[in-house]
Amino acid sequence: MTVPPPRDQAELIARAAELAGLRLADLAARLGAPVPPDLRRAKGFVGGLLERALGATAGSRAVPDFPELHIELKTLPVDRAGSPVESTFVCTIPLTEIGEVEWADSRVRRKLSRVLWVPVEGERAIAVGERRIGQALLYELTVEDEALLRADWEELAGYIGRGHVEELRGHLGKVLQIRPKAAHSRARRLGFDADGAPFAALPRGFYLRPSFTGALLARHFALPR
DNA sequence: GATTGATCATGT
DNA sequence: ACATGATCAATC
């Protein structure tokens, strides 16, 4: 079963609304996809399933999931109270270029400008197929959120731009953090040190802290916090 | 229990 | 190689 791309924003929202309450096993059956016993070897299963169900087309290309609508799709694993149980990967970091990039042109800002968040039960105690899909939220970057993200981004990108990528640890950043993003810890890509000399750096990515995504959901759905 | 660092699968 | 989709698992 193949779902065509949504014609417009309203169609996308309607499709997402129709999925609320479904178990992942229901959706997988509808699409003719097998459900893995757990996510250890299928970490992208939930995201991929929702992409197919909603008609996302981008695949692995570096464009939004719904390019014509300028909307990014993110599934968000949550507990029974609606709080995120994981951080949210945003994008990889172009180590050799980010020092020259302005926030306004950054990958982080582009990615988070418009996001269709789909909460999905994500507690490991619930079998993958039994996890239910929640009500989606079409989010547009707010002035307040942008200020928070920009402050973190400028601090973090500044480290890299000055050649201090190796000093970056996950604890930096109030709402946005930088963590490794690689197949394994021996992976390396080109970076520059403080003297501008090239070296083999650990690939890294930007992630949103659960407190940020949790606040975003709570605001929209008026959840108790 | 929350957080940080490590890791898995797939597509272009 | 590096982008996409993330969660796992060791450690704090």
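Phe206 touches Thr88, Phe89, Val90, Cys91, Ile93, Ile98, Val108, Trp153, Leu156, Leu176, Gln177 and Ile178, leaving aside residues up to four places away in sequence; contact here means heavy atoms within 4.5 Å. This is a predicted model, in which local features need pLDDT of at least 70 and side-chain atom pairs count only at pLDDT 80 or more, while totals for chains, interfaces and linings use all residues. Residues are numbered from 1 along each chain as its sequence is written, chains are lettered from A and ligands numbered from 1 in the order in which they are written, and side-chain values use heavy atoms, with hydrogens and water left out.

Phe206 also belongs to the largest nonpolar core, of 32 residues, where Val108, Leu149 and Phe206 touch the most other members. A nonpolar core is a set of buried Ala, Val, Leu, Ile, Met, Phe, Trp, Tyr and Cys residues joined through side-chain atoms within 4.5 Å. Buried means under 20% relative accessible area, exposed over 50%, and partly exposed in between, with a 1.4 Å probe and protein chains only. Helix H5 (residues 143-161) gives the most to this core, with five residues. Apart from it lies another core, of 27 residues, including Leu24, Leu27, Val46 and Leu50. In soluble globular proteins, nonpolar side chains tend to be buried together.

Helices (H or I, at least four residues) and strands (E, at least two) are DSSP runs, numbered from the N terminus. Strands E6 (residues 189-192) and E7 (residues 198-201) pair in the antiparallel sense over four bridges; pairing requires that DSSP finds at least two bridges between two strands. Leu190 has Ala200 in E7 as its bridge partner. Five residues lie between the strands of this hairpin, in which Gly196 takes a positive phi near 80°.

We turn next to the DNA. DNA strand B is surrounded by 17 residues, of which Lys43, Gly170, Arg179, Ala182 and Ser185 are the closest; a residue is near the strand if one of its heavy atoms lies within 4 Å of it. Strand E5 (residues 176-180) gives the most to this surface, with three residues. Of the atoms of DNA strand B within 4 Å of the protein, 55% belong to sugar or phosphate and the rest to bases.
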